[in-house]
Amino acid sequence: MALSSNCWKYLVLTFNVLFAMSAVVLFCTSGFLLYKLFIFRHFIGISVEYPAILLLMMAIITCSISWIGWRTAKSMHQIHVIITALLIILVVVIEFACFVWAMVVWDNVEIDIKTTMTSYFMMSNASKETNTDSVRWDRLHVKFECCGVSGPNDYSAAGHVPFSCCGQGPLDSIQKPYTSDCSTLYQRGCGNLLHQYAKEQLLWVAMTALTASLLQSSGIFCTFFLAHAIKEKRRASIRHSMSVRENFAPDDSLLAPPTAPNPTLPKY
């Protein structure tokens, strides 16, 4: 039984090392995906980023739990090991919930993005001066090779089309006046393209959360088996102590006071 508990101990220690490594990978991946969504936050809305933010927070928490799991596995304390297993269960459940949340946002992102882009487009066009908002639109046009929300007709009310809709750099509109006779005017709108972009990033977030929850769930079984092995080892130790105590218990008959021999009648 002692060998079995030691085997589970080293398995749990190995898992905690892998658990910490997965947390680092999860932190880098979720941070990168969050960045790719964050740079277009004005167009897609902040709510689209929430699953990636939660996944990033879980990566930080996972690092802490892996350290706790390492300490408890080395101490071989049953209650602490069980608490660690419960913490791992909590992490796995939250990561799976993050997967579900990302898929829900993925399914509804088209409406959210078009609503956010339309309101932001109207707010940007309300200002006649070149400002930060127009530069953001220029960068969006150049990156996705698009124009406006649904097409260049969105700028018909303004009476001019940005240079970025003609393939110019995002900052060219600051140095040059707007023009409306571009020979390479982008005809497609940015709404559908940004929608596909956001769905792709959300799908990566969902798959990352699902993969992390499935891989890290293996630690639940290892940790609970370790707790069971510790319990069985303690029981075996108690049984062994009791058997040793019974075998080496003093004989009470040796401690009894001496008795006089039975009287015998004389023989004639």
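Hi everyone. Let me start with a cut-off: two cysteines count as a disulfide when their sulfur atoms lie within 2.5 Å. Keep that in mind for Cys63, whose sulfur is 9.6 Å from the closest cysteine sulfur, that of Cys28, and therefore too far away for a bond. Cys63 is also partly exposed, at 33% relative accessible area. One caution before I go on: this is a predicted model.

Let's take them in turn.

In one of them, Cys146 is joined to Cys190, with an S to S distance of 1.9 Å. Because the torsion about that S-S bond is about 95°, the disulfide is right-handed. Cys146 sits in the loop between α5 and α6 (172-175), while Cys190 belongs to helix α7, so this pair ties together parts that are 44 residues apart in sequence. Both of these cysteines, Cys146 and Cys190, are buried.

The other disulfide is formed by Cys147 and Cys165, and here the sulfur atoms are 2.1 Å apart. The link of Cys147 and Cys165 is right-handed too, with 85° about the S-S bond. Cys147 and Cys165 both lie in the loop between α5 and α6, so the parts they tie together are 18 residues apart in sequence. Are they buried or exposed? Cys147 is buried, at a relative accessible area of 0%, and Cys165 is buried at 0% as well.

Now to the packing. The largest nonpolar core has 26 residues, and the ones touching the most other members are Phe43, Met117, Trp137, Leu140 and Leu194. Two or more residues each come from α2 (41-44), α4 (78-126), α5 (132-144) and α7 (190-216), and α4 gives the most, six residues.

Leu140 brings us back to the cysteines. Leaving aside residues up to four places away in sequence, Leu140 touches Cys146 and Cys190, along with Phe40, Phe43, Met117, Glu145 and Leu194. Apart from that core lies another one, of 14 residues, with Leu34, Cys98, Phe99 and Ala212 among them. Cys98 is buried, with a relative accessible area of 1%.

Last, the annotation. An unreviewed UniProt entry lists "transmembrane region" for residues 12-38, 50-70, 82-104 and 202-227. In the model, residues 82-104 are 100% helix and 0% strand, with their end C-alpha atoms 33 Å apart. For residues 202-227, the figures are 96% helix and 0% strand, and the end C-alpha atoms lie 38 Å apart.

Technical notes: Residues numbered from 1 in each chain as written. Predicted model: local features only at pLDDT ≥ 70, side-chain atom pairs only at ≥ 80, totals over all residues. Heavy atoms only, no water. UniProt positions renumbered as here; feature names shortened; annotations may be inferred. Helix = DSSP H or I, 4+ residues; strand = E, 2+ residues; numbered from the N terminus. Core = buried A, V, L, I, M, F, W, Y, C linked by side-chain atoms within 4.5 Å. Buried < 20%, exposed > 50% of the residue type's maximum accessible area, 1.4 Å probe, protein only. Contact = heavy atoms within 4.5 Å.
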